[in-house]
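Here are my notes on this one, as promised. Have the structure open while you go through them.

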Amino acid sequence: MAVISSLPDDIILDIFGICTSDAYSCLEEWKRVLSVLAVCRRWRALAAPMVYCTAIIGNGPVIESSYAKDDEFPPDTREKCNYSSNIDLVIANGYGWLVEHVVTTQMPVQCYLQPLRYIKRMLCTHASQLTGVRVLNMSFCLTMANIGLDTADHEHRPEAAQIARDIATSLPFVDSVFLRSMLESDILLSFAKTLANIYFGQLKEFEWTIPGNIGSECTSAKLERCNLRHANNEQNLPLICPRQLERLFIAPFSESFSWRCFHFDKTVNTVAFDNLQSLVLSGRRAGISVEDDRPVSLVNSQPLELMFPRLVHLKINHVAVTEKTMAMFIGSPLKVIDIDGPIDNMEALQMLKLRSLDALHVSTWFGFPVSDNEFYQKSNVMFQNMDLAKLETTLAVNIDGNQLDPAHLYWPYLTILRLCSEYVDEFGLNLVPQLPNLVHLTVYAFSAGEEESDEASLQSMFSPLLARYSERLHSKITSVRLAFSQDRLQLFDALVTRLFQQCLPELSSFKITN
C-alpha cells in the first residue's frame, strides 16, 4: 500500500481541497487547517496557496439567509465587536501576495461603524501587500438582541461612505463584490452603496443582499453573474447590460420587480439575455419582513420584450407562475426547471416544451391553498405526460393535515418523491405501488411515534405494517432516506430498517437521519 508521501501532487491537492473546504467560513475554521502547513516542506509548499489565498476579518460565521442566533455568541461578546483577523499572520509569513479573497464575517455589535473602521484599518494598512485581491465578500449580521439598535444614524453616513472610498482606492483590482446584511442600517447602506458605485463598472460578479436600494448611479457592461435581492424600486435600480450575464438571481424585497434595470439599449424595446444560462426568480421574503403566502409578481412593468435564447436552468421560488410569466421562456432551450409554489400556479408550465427537459423539480403543498381533489387533479395532469426516457421528475410535497390517498394519484413517470409532514402515513410505502417509476424516496416525519414511548408500544405500532408489507414490493426504488426527530431516532432505527428491508430488499442506499 502506497504511503501518502508517494502520492502525486494533484492527488494531495485534492485532499487538501477537501480538508480546507470550510476553512474560509470563519476565522476559527481557518486556524484549524494551519496544522497542514507544519507537516513537511512539500505539504507547506502545496497547501500554502490554498490556506493563504483568503484574508478573513471578523470572528463569526458568514450568514447568508438568516439571522444570527443569540446562543451562537457568549453573553459577554454580544454587545461588543470581535476584532479578529488573519491578515497580520498572512503578511508576517510573507504570503500577502497570495491573497485573492477578502471575507468579512459577522461581528455582533450595536453599531456598524466600529467594524467598518476595523475593516478599513486592516485592508488599507496592508494594501501594498494585498495587491492580488480580486474578491470582496462582506457579510454584516447583527444578533436578534440588537434589532432596533442603530438602524437610523444619519450623522455617521459620510464617514461610512469615506471608508468605502478608502477601501476601493487601496484595492483597485477587485472584480467580484458580495454585500450581505439581514438588518437595515443607514451606516451600512451608505457604505455598501458607495462601494458598489465605485466598483460596479469593472465587476464580473456582484451580489446585493441588503435591505435598501443600490441606486441608479451604478452602470455595468461587464457583469457575468449577478444576484439582486431587495431590488424593487424602479427609480433606484442599477443599469446592467444583459448580454454578458451568465447567471442571474432576482429576489425583490417587496411585492414586485421591474426588468427596467436591464434595458441597457434605450433605442429598442427588446432586452436580450444572449448568454444567460441560469435564472433564479425568488419571491421569498428576506430581512425583517414577515413571510406570507402571497406569491410575488415578477413580470414586466413596461412594454419590454424579454429574450432568453440560451437559458437552460430556470428556478422559480414562490413567484406567481402565470401564463404571462411563462410566455417569457417559450423560446428558451430549457433543460432543468425548479419550481416552488402552490399547485394551482403550475398549470402555466404546460406552455413550455416539457418533453425537451432533462429534469423537472416541483415543490408544493397538499391541503393548502387548494382542496384535496384539486391537488390530485392538477398534479395528475402535470405528471402523466412526461417523457420517462429523458426526464427526471421530482415532487416535494409538504402535507398539511390530511394524508395523500394513493387511490387518487396518477403520477406514472415520477422518479423522485419527497414527503414532509408531522406524520407520513406508512412512511410512504402505501404510495409505492402507484408510482411504478419511482427511484428515490425521501420522507420527513419528525412527529412520527410521538405517542409511543417504549419498545412495547412501538412494536404494536409496527406490527400491522410488518404484516402488511411482508412481501417484496414491485418497485424501481433504489434509494430511501427517512428523517425523524432526535428522540425517535434510536427507537425507530431497527424497526424501520426491518420494515424496508423486507419489502424493498434491493435498495442500494438506505439512510435514517434526524
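1. Confidence. The mean pLDDT of the chain is 78, and 78% of its residues reach 70 or more; pLDDT is the predictor's confidence in each residue, from 0 to 100. This is a predicted model, where local features need pLDDT of at least 70 and side-chain atom pairs count only at pLDDT 80 or more, while totals for chains, interfaces and linings use all residues. Residues are numbered from 1 along each chain as its sequence is written, and side-chain values use heavy atoms, with hydrogens and water left out. Confidence is highest in α6, at 92, and lowest in helix α2 (residues 27-32), at a mean of 77.

2. Over residues 142-150 pLDDT stays under 50, and the model has 25 contacts beyond four places in sequence for them. Residues 285-296 also stay under 50, with 35 such contacts in the model. Contact here means heavy atoms within 4.5 Å.

3. Overall make-up. The chain has eleven helices and 20 strands. These are DSSP runs numbered from the N terminus: helices are H or I with at least four residues, strands E with at least two. Of the 514 residues in the chain, 52% are buried, meaning under 20% relative accessible area, with exposed over 50% and partly exposed in between (1.4 Å probe, protein chains only). Among contacts between residues at least 6 apart in sequence, 68% join residues at least 24 apart. The chain exposes about 23,100 Å², and carbon and sulfur atoms supply 50% of that; accessible areas come from the Shrake-Rupley method with a 1.4 Å probe, and for residues only the protein chains shown count as cover.

4. Helix α5. How far apart are the end C-alpha atoms of helix α5 (residues 113-125)? They are 18 Å apart, which agrees with the 18 Å that 13 residues should span at 1.5 Å a residue; the expected span is 1.5 Å times one less than the number of residues. Leu113, Pro115, Leu116, Tyr118, Ile119, Met122 and Leu123 are its buried residues. An α-helix has 3.6 residues a turn, so residues three or four places apart point the same way. The cover over the buried residues of α5 includes β1 (54-57), α4 (87-92), β2 (101-104), β3 (135-140), α6 (157-170) and α7 (186-199).

5. Trp43, Leu46, Ala47, Ala48 and Val51 are buried in helix α3 (residues 41-51), and the buried residues of α3 pack against α1 (9-19), α2 and β1. Isoleucine 15 is found in helix α1 and counts as partly exposed, at 32% relative accessibility. Together with Ile4 and Ile11, Ile15 forms a nonpolar surface patch with about 210 Å² of accessible area. Patches are made of residues with over 30% relative accessible area and no salt bridge, like charges being joined within 9 Å and nonpolar side chains (Val, Leu, Ile, Met, Phe, Trp, Tyr) within 5 Å.

6. Serine 363 lies in strand β15 (residues 359-366) and counts as buried at 18% relative accessibility. Leaving out residues up to four places away in sequence, serine 363 touches Ile339, Asp340, Gly341, Met346, Ala396 and Asn398. Glycine 215 sits in the loop between β5 (205-209) and β6 (219-220), and at 1% relative accessibility glycine 215 is buried too. Its C-alpha atom is 9.5 Å from that of threonine 194, 21 residues away along the chain.

7. Salt bridges. How many salt bridges does a search of the whole structure find? It finds eight, each being a side-chain nitrogen of Lys or Arg within 4 Å of a carboxyl oxygen of Asp or Glu. One of them pairs glutamate 159 with arginine 117, the closest N and O atoms being 2.8 Å apart.

8. One more pair. Glutamate 426 and arginine 468 meet in a salt bridge (2.8 Å, N to O). Glutamate 426 is in the loop between β17 (416-421) and β18 (440-445), and arginine 468 is in helix α10 (residues 455-468). Glutamate 426 is buried, at 14%, whereas arginine 468 is partly exposed, at 48%.
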